[in-house]
Amino acid sequence: MEMLVDCNAHIEQWSHAAVRLQSIRAYREQGQGNGEVVGEQFDSQPEFESGSEPTLDAHIGCFFVLTQGEVRIRMADEVYHCRSPYILHGGEATGLSFEAPDQTHVWTGYLVVYEVVPASSKDRQRLAQSYSFAPAALLPIQEKCEAMERLLQANDSLDKLQAQSYFVPFVHEILRQRKQLLTETGNTRANMVSQAIQYIQVHYSEPITAEKLASRYHCSTSYLSRLFRSQIGLGPIEYLIHVRVHRAKQLLLKSGAKIQDIASQVGYADVYYFSRLFKKYTGHSPLRYRAEHQEKLNTRVQNNPLRALESSIVSNSSPSHNENESYYQWSWEGDTSMFRFSRPAFGAMMVLCTSLILSACQASTTTGGTTAQQPASSAAAATVSDSTAVEMRTYTHLKGQSDIPVHPQRVVSLFHLGEPIALGVKPVGTTTYVMDNPHISDKTGITDVGVPPDAEKILALEPDLIVTTPTFAELVEGGYEALNRIAPTIVVEQKNDPIKDVEMFGDILGKQEEAKEWIAQFEAKIAAYKEKIKPYVKEDETFTILNVRPDTLMVYGDTNMGGNILYKYLGLKPAAKVDSDVIHGDTWEISSEVIPEYIGDRLFLAVNKGAEEKVKDVQKLIDASPAGKSGHVYFIDFDEFLPSDAIAVEKQLDIITDILTGKAQ
């Protein structure tokens with residue numbers, strides 16, 4: 001926590017200081033012997049370009065970005081053993097030198113030297129803070145280094161000026177990743193999705209393919225797609241299409257630009273392709289969409305609390321074209337523009353305004369004629385029922401602390417649905433991805449707010465509490481702040497553990513006793529089922545969960561698709577390679593030829609729609625496995641086993657127990 005506080009203070013000083021890029025050098029070095037210094041000795045008075053001497057009272061610092069290999073860095077009295085990817089900030093930038101581990105080792109990197117003038121003498125110490133860390137995503141940092149070096153080497157003054165413009169985004173990206181590293185809760189998969197979402201929101205007009213995204217985060221395209229779908233129910237390219245179409249809607253309504261210019265601005269060089277895609281996802285051609293919505297736009301309500309939020313999706317990048325988008329099918333109903341006020345949203349605003357006026361009138365007269373001051377920072381806090389204010393409490397979550405109702409009545413939960421329902425609270429709204437849960441039969445009264453979530457639809461529900469995960473908070477235009485303008489919003493982890501999630505929601509909803517009862521009942525059920533399967537499962541038998549998709553094969557660990565039930569709750573043994581490579585490693589995707597290495601004595605097989613030919617290709621390998629030879633291959637429904645909420649897991653536990661005891665039909 002102390003490091004995070006220092007990091008925030010450091011960021012604050014950067015935001016106030018005047019900065020200037022002095023020089024950048026690219027290194028590609030090979031060790032010269034046992035620990036000999038390679039590259040150049042860097043001192044507190046480096047060789048700057050002509051005419052760029054340090055400003056009076058300026059502070060000289062540096063960033064070193066290690067992009068490949070290993071190197072030992074000596075800076076002042078400290079020694080840093082670095083392995084790529086690695087970032088080092090030299091607070092005073094004195095006595096910096098590099099040593100390779102051996103004479104054959106090659107390492108590459110960039111040394112960025114800058115001059116910064118603090119806002120005051122007191123700020124100098126925080127700006128001079130030295131630190132180092134391994135960035136989660138090196139590529140965006142490396143790309144800026146390459147651009148700065150190329151531009152500084154040019155003879156043109158405009159190029160040198162442009163190099164300066166890259167420096168602040170370079171520092172921003174480093175500080176953002178460092179802060180995220182200090183605040184992350186260990187869910188690196190969720191962080192990867194959040195980072196990819198942020199990248200798409202900024203670079204949507206550039207050529208983006210699934211392969212390019214995956215390479216940024218050092219994973220396969222199928223791995224990244226699986227992470228996206230597990231977090232938001234959409235693949236990365238599907239989300240890119242949404243961002244582009246949404247931005248095109250905004251440009252159609254806010255400008256008189258030609259359709260061809262709008263197509264180029266959002267990343268489509270072919271205007272005809274853009275028009276077909278736009279109609280596919282909105283039901284209207286671009287011109288018809290503009291004509292039908294322009295009048296509504298002109299008459300929208302002026303005090304929309306969302307109106308003050310400009311689009312978080314902005315880019316000045318050059319237009320480009322991506323041909324991979326046509327591979328995906330997804331549609332949204334109606335308009336998702338944040339800059340149009342629908343009738344339900346208008347009704348919600350009228351209710352809110354009426355409540356605020358009544359509240360102010362009731363509080364305006366007190367004994368002695370004084371005026372009582374009552375805050376009205378949010379709709380939930382200002383709601384008055386029977387002249388009694390809603391009881392509030394402070395709740396600590398991933399974004400800090402928020403005042404929330406002690407017993408919320410109208411909850412919008414963007415990711416968790418089974419947990420509040422298990423505790424007797426039916427949310428008034430959730431996302432399409434969560435609504436698709438086949439185990440929740442009664443969804444009456446629950447509104448689908450879409451994926452990505454539509455803030456206007458959420459506003460129209462008049463929630464008194466919004467619960468979201470970090471990833472879904474990123475998806476809403478305007479992010480967490482947009483949601484928090486509507487109602488008190490808390491950001492919670494995606495634990496994928498029903499016991500922990502039910503306990504968490506018991507606290508959030510004021511249903512602690514109900515949560516304890518559910519957990520006790522669930523644990524008793526697990527104990528009973530473990531006894532029930534004992535006669536049917538040998539102690540040393542091993543299990544595997546294999547998912548066959550049209551284009552890939554996935555092995556599941558102990559989080560979902562029945563893995564949590566098999567390995568965590570029922571205590572059954574995973575196959576050795578599943579345990580080492582999946583549960584305790586990062587392997588999800590496997591090739592056909594290694595299937596026999598992962599299949600244990602019993603196999604749970606989930607086959608996706610359209611994967612029939614893929615199953616035929618691997619059937620012989622499955623038949624030759626221990627599970628295949630013994631006839632212990634069990635087919636499970638992918639859609640039934642994908643959710644991992646409290647209600648779904650209970651039903652999955654029933655299904656698996658019936659399979660193992662021979663009662664399944």
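Visitor: How many helices and strands are in the protein chain?
Guide: In this predicted model, local features need pLDDT of at least 70 and side-chain atom pairs count only at pLDDT 80 or more, whereas totals for chains, interfaces and linings use all residues. Residues are numbered from 1 along each chain as its sequence is written, and side-chain values use heavy atoms, with hydrogens and water left out. Helices (H or I, at least four residues) and strands (E, at least two) are DSSP runs numbered from the N terminus. The protein chain has 27 helices and 24 strands.

Visitor: What percentage of the residues of the protein chain count as buried?
Guide: Buried means under 20% relative accessible area, exposed over 50%, and partly exposed in between, with a 1.4 Å probe and protein chains only. Of the 665 residues, the buried share is 53%.

Visitor: What is the geometry of the aromatic pair of F278 and Y289?
Guide: Rings of Phe, Tyr and Trp (its six-membered ring) pair if their centres lie within 6.5 Å; planes under 30 degrees apart count as stacked, over 60 as edge-to-face and the rest as tilted. A search of the whole structure finds 23 aromatic pairs. For F278 and Y289 the centres are 5.5 Å apart and the planes 80° apart, giving a pair that is edge-to-face.

Visitor: Why does the pair of F278 and Y289 tie together parts that are apart in sequence?
Guide: Both F278 and Y289 are buried. The pair ties together parts eleven residues apart in sequence because F278 lies in helix 10 (residues 271-282) and Y289 in helix 11 (residues 286-298).

Visitor: Which residues are linked with K525 in a network of salt bridges?
Guide: A salt bridge is a side-chain nitrogen of Lys or Arg within 4 Å of a carboxyl oxygen of Asp or Glu. K525 and D654 meet at 3.0 Å, N to O, and this pair links helix 20 (residues 512-533) with helix 27 (residues 646-660), 129 residues apart. At 16% relative accessibility K525 counts as buried, whereas D654, at 26%, counts as partly exposed. The network joins K525 with E650 and D654.

Visitor: Is D581 buried or exposed?
Guide: D581 forms a salt bridge with K577 at 2.9 Å, N to O. The two are separated by about one helical turn, because they are four residues apart in helix 22 (residues 576-583). K577 counts as partly exposed at 29% relative accessibility. With a relative accessible area of 18%, D581 is buried.
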